[in-house]
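Please examine the sequence and the model shown below.

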Amino acid sequence: NTEKAQVCFSKALQQYISDYQENPDDFTSYRIGQMYLKAQGTKQDISQSINWFEKSVDDGNTYAAYQLGKIYYSGQDIQQDLQKSEQYFKISVDDNPYACYYLGNIALETSRIQNAIDHFEKAADKNISHAWYRLGQIYSDEKYDMLNTEKAQVCFSKALQQYISDYQENPDNFTSYRIGQMYLNAQGTKQDISQSINWFEKSATQGNPDAAYQLGYIYKTDKSGFKNDVLSNKYFSSALSAYQAEFAKNSSNDTLAMRIGTFYHYGLGVERDIDKAIDWYKKSAELGNQKARQKMDEVQNDRQISSMAIATTACHLGRMINTESMAAFKNRYVSDSKLLRKEKIKKIYAGHSVNDNEQNYDY
């Protein structure tokens with residue numbers, strides 16, 4: 001009974017505030033900060049949450065410092081501040097291995113690679129699966145200048161086993177999604193599409209639209225060995241509905257707008273609609289997504305090429321009816337298709353992003 005729960009939380013919040021005024025202590029201020037953060041008995045209020053967590057930190061509560069670190073790291077309803085985030089995570093690092101993991105993330109984002117590795121290794125020693133995964137990423141990506149594929153696979157393997165263990169203890173849609181990805185991408189294991197499908201299905205059942213998208217992609221392509229158009233459309237349609245609902249709640253998400261455009265661009269789980277694709281790409285571009293601008297050019301080129309093909313077909317149909325045999329028409333159409341291909345190649349050399357591969361659904 002969520003309504004009754006909120007009434008109880010509201011009374012608890014007022015009593016906690018009264019208790020703190022009479023006798024300030026770090027736990028009460030921490031609890032009040034949590035309630036403002038989680039909208040328990042009140043609307044979510046990040047500024048109030050920060051205020052109470054700061055009181056708690058001043059009284060020595062390291063868990064409040066960890067929460068402040070997360071708030072400033074995520075930039076939820078406030079401007080992201082990695083410097084403040086790092087400051088608070090350092091306060092909590094001795095009591096919370098996840099703080100060590102976040103310090104690794106901050107170091108990685110600020111190009112302090114060795115510092116990131118040191119923090120991730122400490123977190124990994126405390127069985128933080130994400131830390132093992134980050135180490136695998138660092139050693140497998142040339143941009144970090146630490147390339148070591150053998151070491152990367154060892155780290156990915158430990159991450160995979162830890163994720164599976166984490167899921168068995170506490171099933172959640174992100175962990176099952178990550179495991180599915182690792183089997184799909186052969187991270188810490190050989191590629192195993194059937195295992196990938198199994199874990200993506202768990203994740204999709206738990207409401208993860210990214211898992212539904214991945215299942216749609218697997219069933220769409222011939223190369224997976226599991227091609228099934230019915231299942232592909234089912235999962236793509238499910239993912240699209242979830243993404244649209246999510247965008248309705250957060251219309252400033254440029255990546256999500258571009259992703260939705262992709263569904264209409266390629267006809268994934270929905271009838272192909274170039275105009276809708278352009279509309280969504282335009283929304284994404286207006287929100288600052290540069291890749292969406294490239295996709296707009298690509299879809300415009302696709303439409304031009306389709307129009308050329310239709311015009312050529314219509315022209316030849318007219319000629320065929322008046323003067324030519326069906327065999328002659330077919331020969332001419334093949335010739336024109338080659339010309340269209342040459343025209344498209346010219347566009348690519350001119351800098352346009354034109355994609356002929358119907359199986360390339362990534363965005």
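## Loop residues with positive phi

Asn-127 counts as partly exposed because its relative accessibility is 48%; the classes are buried (under 20% relative accessible area), exposed (over 50%) and partly exposed in between, computed with a 1.4 Å probe on protein chains only. Asn-127 is located in the loop between α7 and α8. Its phi is near 65°, a positive value in a residue other than glycine.

Ser-111 lies in the loop between α6 and α7, and its phi is likewise positive, near 65°, in a residue other than glycine. Ser-111 is exposed, because its relative accessible area is 60%.

## Basis of the model

This is a predicted model, in which local features need pLDDT of at least 70 and side-chain atom pairs count only at pLDDT 80 or more, while totals for chains, interfaces and linings use all residues. Residues are numbered from 1 along each chain as its sequence is written, and side-chain values use heavy atoms, with hydrogens and water left out.

## The chain as a whole

The chain contains 17 helices and zero strands. These elements are DSSP runs numbered from the N terminus, with helices (H or I) of at least four residues and strands (E) of at least two. Of the 363 residues in the chain, 41% are buried.

A contact means heavy atoms within 4.5 Å. Among contacts in the chain between residues at least 6 apart in sequence, 45% join residues at least 24 apart.

## Nonpolar cores

A nonpolar core is a set of buried Ala, Val, Leu, Ile, Met, Phe, Trp, Tyr and Cys residues joined through side-chain atoms within 4.5 Å. The largest such core has 37 residues, and Phe-89, Phe-120, Leu-135 and Ile-179 have the most contacts inside it. At least two residues of this core come from each of α4 (62-74), α6 (97-109), α7 (113-125), α8, α9 and α10. Apart from this core lies another, of 34 residues, which includes Tyr-217, Tyr-243, Leu-256 and Ala-257.

Which residues does Phe-89 touch, not counting residues up to four places away in sequence? They are Tyr-66, Gly-69, Lys-70, Tyr-73, Ala-99, Tyr-102, Leu-103 and Ile-106.

## The second largest pocket

Rolling a probe the size of a water molecule over the atoms shows where empty space is left. On a 1 Å grid over the protein atoms alone, a pocket is an open set of points where a 1.4 Å probe fits, with protein on both sides within 12 Å along at least five of seven lines; lining residues have an atom within 4 Å of a point. Grid points are joined across faces, edges and corners, and a volume is the space filled by probe spheres set on the points. The second largest pocket has a volume of about 210 Å³.

The lining of this pocket consists of Tyr-98, Ile-128, Ser-129, His-130, Tyr-163, Asp-166, Glu-169, Asn-170, Asp-172, Phe-174 and Thr-175. Two or more of these residues come from each of α8 (129-140), α9 (149-169) and α10 (173-185); α9 gives the most, with three residues. The lining divides into four nonpolar, four polar and three charged residues, where Ala, Val, Leu, Ile, Met, Phe, Trp, Tyr, Cys and Pro count as nonpolar, Asp, Glu, Lys and Arg as charged, and the others, Gly among them, as polar.

Is Lys-295 buried or exposed? Lys-295 counts as buried because its relative accessibility is 8%. This residue is in helix α16 (residues 290-322), and its side chain makes a polar contact with the side chain of Tyr-266 (3.1 Å). A polar contact is a pair of N or O atoms within 3.5 Å; within protein, one must be able to donate a hydrogen and the other to accept it, and residues adjacent in sequence count only if both atoms are side-chain atoms.

Ser-224, in the loop between α12 (209-220) and α13 (229-249), counts as buried because its relative accessibility is 15%. A polar atom of the Ser-224 side chain lies 2.7 Å from the backbone oxygen of Ile-218 and 3.1 Å from the backbone oxygen of Thr-221.
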